[in-house]
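Please look at the sequence and the model shown below. The paragraphs that follow lead through the structure step by step.

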Amino acid sequence: MKKNVYMTGYLPLFSIILFSSSFAIYFERLLIDKLKYFGVYQGMQELFKDHVIHLSVGFCLFLLFFMGFAALKLLSDTLTHLSLFFFSSDSEGTLLQQGKGGGWFFFAGGMLAIILNHSVLLICIVFVAASLVYFFYLLLRIGGSLTTVGIIGMVFMHLFFWTGFILLVVYTVMRLYNAFVAAIT
């Protein structure tokens, strides 16, 4: 039986949709509860029906998370290509084709995240676990074609980039939060 290399090309899109949906479902429930607590929801009910409010909030949150995960996917692919450019001797793209099967880890993680959408902590754990399993799968698949220095370089390049990126995001959020609190008081 002939194997088609394009068979799993849809997995990144479905994985992003699944993870975005699970986060959107959780935060939609949380946001609706907060709107009810602050009394805003009752005012919204005068203008819209309940299901319209829920669908609108859920869809907006889904779009927000979809854009975030798509940007993370773009950064991840770019970083993988860049690290292979620096640390491998492959110029044909065969190493990239060897790691394409790892999309199933994110797809399975997305399915699990939909099931566990009652806890944002569990969703985050599933996402981080799927990311780590995919990265180690990629290293195992292409490790035979890389030197020891290449593997170490690739690991540290990813480690330094993602650590710096997360720290930058946390720093920016903290600065915005402090500016917001200072403006209120």
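**Aromatic rings, cores and a helix**

A cluster made up of Phe19, Phe23, Tyr26, Phe27, Phe65, Phe69, Phe106, Phe127 and Tyr134 is linked by ring pairs. Rings of Phe, Tyr and Trp (its six-membered ring) pair if their centres lie within 6.5 Å; planes under 30 degrees apart count as stacked, over 60 as edge-to-face and the rest as tilted. The model is predicted, and local features need pLDDT of at least 70, side-chain atom pairs count only at pLDDT 80 or more, while totals for chains, interfaces and linings use all residues. Residues are numbered from 1 along each chain as its sequence is written, and side-chain values use heavy atoms, with hydrogens and water left out.

By the ring rule, the count comes to 21 aromatic pairs. One of them joins Phe19 and Phe69: the pair is tilted, with 6.0 Å centre to centre and 40 degrees between the planes. Phe19 lies in helix α1 and Phe69 in helix α3, so this pair ties together parts that are 50 residues apart in sequence. Helices here are DSSP runs (H or I, at least four residues), as strands are (E, at least two), and they are numbered from the N terminus. Both Phe19 and Phe69 are buried, where buried means under 20% relative accessible area, exposed over 50% and partly exposed in between (1.4 Å probe, protein chains only). A further tilted pair consists of Phe106 and Phe127, at 6.2 Å centre to centre and 50 degrees between the planes. Because Phe106 lies in helix α5 (residues 103-115) and Phe127 in helix α6, the pair ties together parts that are 21 residues apart in sequence. Phe106 is partly exposed, with a relative accessible area of 21%, and Phe127 is partly exposed at 22%.

Phe69 also belongs to the largest nonpolar core, whose nine residues are Ile16, Phe19, Phe23, Tyr26, Phe69, Ala113, Leu116, Ile123 and Val126. At least two residues of this core come from each of α1 and α6, and the largest share, four residues, comes from α1. A nonpolar core is a set of buried Ala, Val, Leu, Ile, Met, Phe, Trp, Tyr and Cys residues joined through side-chain atoms within 4.5 Å. In soluble globular proteins, nonpolar side chains tend to be buried together. Leaving aside residues up to four places away in sequence, Phe69 touches Ile16, Phe19, Ser20, Phe23 and Phe127; contact means heavy atoms within 4.5 Å. A second, separate core of eight residues includes Leu95, Phe135, Leu138 and Ile142.

Now follow helix α3, which covers residues 50-87. Its 38 residues reach 55 Å from the first C-alpha to the last, close to the 56 Å expected at 1.5 Å a residue; the expected span is 1.5 Å times one less than the number of residues. Among the buried residues of α3 are Ile53, Val57, Leu61 and Phe69. The buried residues of α3 pack against α1 (11-37), α2 (40-47), α4 (94-98), α6 (120-142) and α7 (148-184).A search of the whole structure finds one salt bridge, that is, a side-chain nitrogen of Lys or Arg within 4 Å of a carboxyl oxygen of Asp or Glu. This bridge joins the side chains of Lys73 and Asp77 (2.7 Å, N to O). Lys73 and Asp77 are four residues apart in helix α3, so about one helical turn separates them.
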